[in-house]
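Colleague: I am new to this model and would like to understand how its descriptions are reached. Could you take me through them slowly?

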Amino acid sequence: MGVFVLFVIIPLLLVVAAATPSAMRVNQQRIEQRILKLAEFGKNPDGGVSRVAFSKADIEGRKYVSKLMREAGLSVRVDAAGNIIGRREGKEPGRPVIMFGSHIDSVPQGGNYDGDVGVIAAIECVEILNQHDFATLHPLEVIVFSDEEGSMLGSWALAGGLSPRVLQVVSQSGKTIREGLRAIGGDPDDLAGAAYAEGEIAAFVELHVEQGSVLYDEGIQIGVVEGIVGIHWWEITIDGSANHAGTTPMNKRRDAMVAAARLTLEINEIVTQTPGRQVGTVGRIRAEPGAPNVIPGRVVMSLDLRDLSAEKIEQIFERIEAQARSIGEATGTEIAFEPLYVSDVPPPTDRRVRRLIDESARSLGLKTKRMPSGAGHDAQEMARIAPTGVIFVPSVEGISHSPQEFTHPEDMANGANVLLQTILRIDRGGLEPDIPGS
Ligand SMILES: [Zn+2]
C-alpha cells in the first residue's frame, strides 16, 4: 500500500494539481468531429446545410446537441422560448450564472460554422472542466438559442423584450413561430417565463465566426467585438416625368434614373469619405415604367446604412439628404426618403469582458483585434441584461451564409480556448474592478 501511495497516488495528485485553470486546453479533434456530425442534420447534396428554425433538421440537430449536453453532465431543459439550457452547478450557491453559447439554426443553403462553432465550443469547455474535475464558483449555463436566423426569438425572449405579435409570423420552416415553438418544446403562451432578470446573469460570452474577412485578410486569430452595428433602411422614391425616349430633347427631360445614378454615387462618396467604419449600400432599384423606349418617370431604390453609433448614422443620413436636394434641383426631380426598417443600435459589449477576452487570448499567444460586428447576433439582445462579450474567429475568405463557409479547426480550437479562459477569469472575479491584478 505504501508503495502504491508513493508511486501511484502522489504522482497522480501532482498531475491533477498541475492542471491549473490557465493550463487547461480544449480538444480540437473532438470539436472538429462534432461540427462534422452536426452538419449531417439538414445536409444539402451540394454542401452546407439547410437547417432553418423549427424544421425537421433543426429538431434533429437540437436532439443531437441536447444529448451531448447531457453526456457532459449538464442538467438540460428547454425554456418557454425554445432555448436549450444546460446547467452545471457552481461551488457557491446563490451566485449569478455565467452563460455562454450560440445557435444551431441556419439560413436556407447555409454553412456549417455560423452558430454551430459557438455551441460545440461551449459544450467543449464543460467537457474540459469535467476532465480536470474543476468546480467553478458560479453556476455555468450552456445555451442554444432558438431561431437566431429568423427572429432572434430565443435571446429576445430571454432578455425580456419579446412582443407576442411575433408568434403570428410565418417562419422559413412554413410554420408560424407559435407552431414552431410548440414543435421544439417551447410554450408560446408563457414567453415571459423565459426572461432572466437583470443581475441573474453574471456575464454572457458568445464565440462566433466573423462572417467577414477582416481577421482572415490580416492573419489575426481572435477578434474582440466592440459592438454590433445598428441597421437603418430607407426607401428612396425619385419622381421625374415619364416621356418618349425618341422625341424628348435632352434638355427637356426630368429623368428619374439619372437622378438615381447620381445619388447612388453620391451615397458611396459620402459614406466612404466620412472618417469611421460605417458602411452604406444601395442594393435594390426599380425604374418605372421600365421600358427601353420610355424615360423613367419614377425610380424606387433602397438605402442601407450601418454603424455602431445611431448618431453617426443620423449624421451621414443628413448629408445624403442634403445632397439629394441639390441633385433633385439639378435634374428637375423630387427625391423623398421613407424610413423602412430600423434595428436600433444595441448596447456595446462590456468593456471588462472585452479586456478579459483580450488577456485570455494573449495568454494563449494569440493575436487579437478590436472590431465591430456587421452582422446581428444573439449577444446584442443579451447585452441589454448582462455584461456581454463576443469572440470572433476567422471565416476563410470572409464567406458566410453559404455552403462554402469554412473555419479552420485550429481557429475553432483557439476560439474555444479563449472562451474557456475568459469564463474562468470571469469566475475568479475578473469583472470586479476592485480586485487587484484582475
Ligand atoms: Zn450566427
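Modeller: Let us begin with a definition: angles under 35 degrees count as roughly parallel, over 145 as roughly antiparallel, 65 to 115 as roughly perpendicular, and the rest as oblique. Please note that this is a predicted model, in which local features need pLDDT of at least 70 and side-chain atom pairs count only at pLDDT 80 or more, while totals for chains, interfaces and linings use all residues. Residues are numbered from 1 along each chain as its sequence is written.

Colleague: Why are H8 and H9 called roughly antiparallel?

Modeller: Helix H8 (residues 256–273) and helix H9 (residues 310–331) pack at about 150 degrees, with axes 10 Å apart, where axes are lines fitted to C-alpha atoms over the stretch in contact and angles run from 0 to 180 degrees between N-to-C directions. Roughly antiparallel means over 145, and H8 and H9 are therefore roughly antiparallel to each other.

Colleague: What makes residues of H8 and H9 count as meeting?

Modeller: Two residues are in contact if their C-beta atoms, placed from the backbone, lie within 7 Å. Among those in H8 that meet H9 are Val 258, Leu 263 and Ile 267, and the residues in H9 include Ile 316, Ile 320 and Ala 324.

Colleague: Which domains does the chain have, and how far apart are the centres?

Modeller: The domain assignment, automatic or from a database, gives domain 1 (23–229 + 346–427) and domain 2 (231–343). Their centres, taken over C-alpha atoms, are separated by 38 Å, and 6 residues of domain 1 are in contact with 7 residues of domain 2.

Methods
Helices (H or I, at least four residues) and strands (E, at least two) are DSSP runs, numbered from the N terminus.
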